[in-house]
Every structure is written in structure tokens, then in C-alpha cells.
Amino acid sequence: MPWRAKFFYLFSLPIQILFGCCVPDCRPPGQEWKCYGTFMMSIVMIGLSSYFMVEAVVEVTNAQNLNIPTAISGMTIIAAGTSVPDLLSSVIVARNGHGDMAVSSSVGSNIFDVTVGIPIPWIFFILFCQAHSCEYFVRLDKSDLVLPTILLLIMVAVIIFAIAISKWQMTHMLGNLMFIFYFLYLGFAIANKYCFWISMSL
């Protein structure tokens, strides 16, 4: 076994033991009936892992440590960490020859995050505050959201155009091009935060 494979095996061993103990394995023949428990426990473990990851990022990037703005840590570390399940599922279905499912899964998960994953917790939080006569509500900084959102929509249009140019085929060149698009978007967002301080208001 190569040293790189040994390193990743040892690095992921605690996670494998934890998930192996908590998530039923429905892959062996005759164990297919466990699939419902596997599905539910996978969601629970992903939720717990995401919670602890976000808390760790907040502690590491706060003003007492690295002093990284929350908008930057959200677009980089947290976005990458919470997208790992999407990445793994897309890789698995793509290797099985379902490229359309891989792309639609990534797009659908992001739409779900924006339309369900963000508003539902806010609704429950606001209802909780109203029930306890609290006056604290979720407030957003428009300067951190308006321009990145506009750039995101532009990047989506550019990516769709790039896929159409490649005749709707997922190639290595298209993958490299998407990497370039991502780093361009990320670079401009970071430059806007640290250098330009472009502020747009609705």
C-alpha cells in the first residue's frame, strides 16, 4: 500500500470507526432491509459532523485566533466542508455512468440549501424568539451578500454556457475550467472583502 493511502487510511480511521458503529451497513447480501436505517443515520451523522465543523471553524477564525471574516470562512472552509457529501455522491454516481445524476445532484442540493436549508432554521428561530418575547432577529449585512450573489448568478450562467460549448459532455477540460471559474469567483470575493470594499445596496 502506498504511503499516501496509508496516511489517508490512518487519518480517516477514527471517522470510519464512528460511522461504522452508528450507521448500519446495508451492502452485504441479505441486509438490504437496513437501508432505511442507513439513510436516516447517515443524515444524522452528516448533521452532527456539520455542526462540529462549523463550531470549529468559528473558533479558529475568530478575532482571537486567525481573525478571518465570517463571509470569507463561509465561502471557503465551511462551503467546502459541507459540500463533501455532494462531492462523494457525485463521484460515485458518475463512476457508475450516471453523469446527469451527478450534475443534477450538485445543482439540486444547492437549491435545497438556499430554499429550505436557510429559511427553515430562521423561521423556527424567529418563532422561538417571538414565543419568549425576544427582540433579537436574524440580520444580514447586504454588503456581504448582494455582490457575491450577483457573481454567483453570473458564474452559473457562464458554467451552463461552458457545458453547452462542450456539447453537454463532462470532460477533463470542462472540469479544469470549472476549477478556474471557482477560484476566479473566490479571488474576486476575497479581493472585494479585503481590498476594494465594494458596497452595493438594494
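This report covers the fold, the confidence and one surface patch of a predicted model.

Residues are numbered from 1 along each chain as its sequence is written, and side-chain values use heavy atoms, without hydrogens or water. Local features need pLDDT of at least 70, side-chain atom pairs count only at pLDDT 80 or more, and totals for chains, interfaces and linings use all residues.

**Fold.** The protein has eight helices and zero strands. Helices here are DSSP runs (H or I, at least four residues), and strands are runs of E of at least two, numbered from the N terminus. Of the 202 residues, 16% are buried (under 20% relative accessible area, 1.4 Å probe, protein chains only). The accessible surface is about 15,400 Å², by the Shrake-Rupley method with a 1.4 Å probe. Carbon and sulfur atoms hold 73% of that surface.

**Confidence.** pLDDT is the predictor's confidence in each residue, from 0 to 100. Its mean over the protein is 78, and 88% of residues reach 70 or more.

Over residues 198-202 the pLDDT is below 50. Where pLDDT is low, the predicted coordinates should not be read in detail.

**Surface patch.** F112, V116, I120, I123, F124 and L127 make a nonpolar patch of about 570 Å². Helices α5 (99-117) and α6 (119-131) each give two or more residues to the patch. α6 gives the most, with four. I123 lies in α6. At 45% relative accessibility, I123 counts as partly exposed, the class between buried and exposed (over 50%).

Conventions: Contact = heavy atoms within 4.5 Å. Patch = residues over 30% accessible without salt bridge, like charges linked within 9 Å, V, L, I, M, F, W, Y side chains within 5 Å. Salt bridge = Lys/Arg side-chain N within 4 Å of Asp/Glu carboxyl O.
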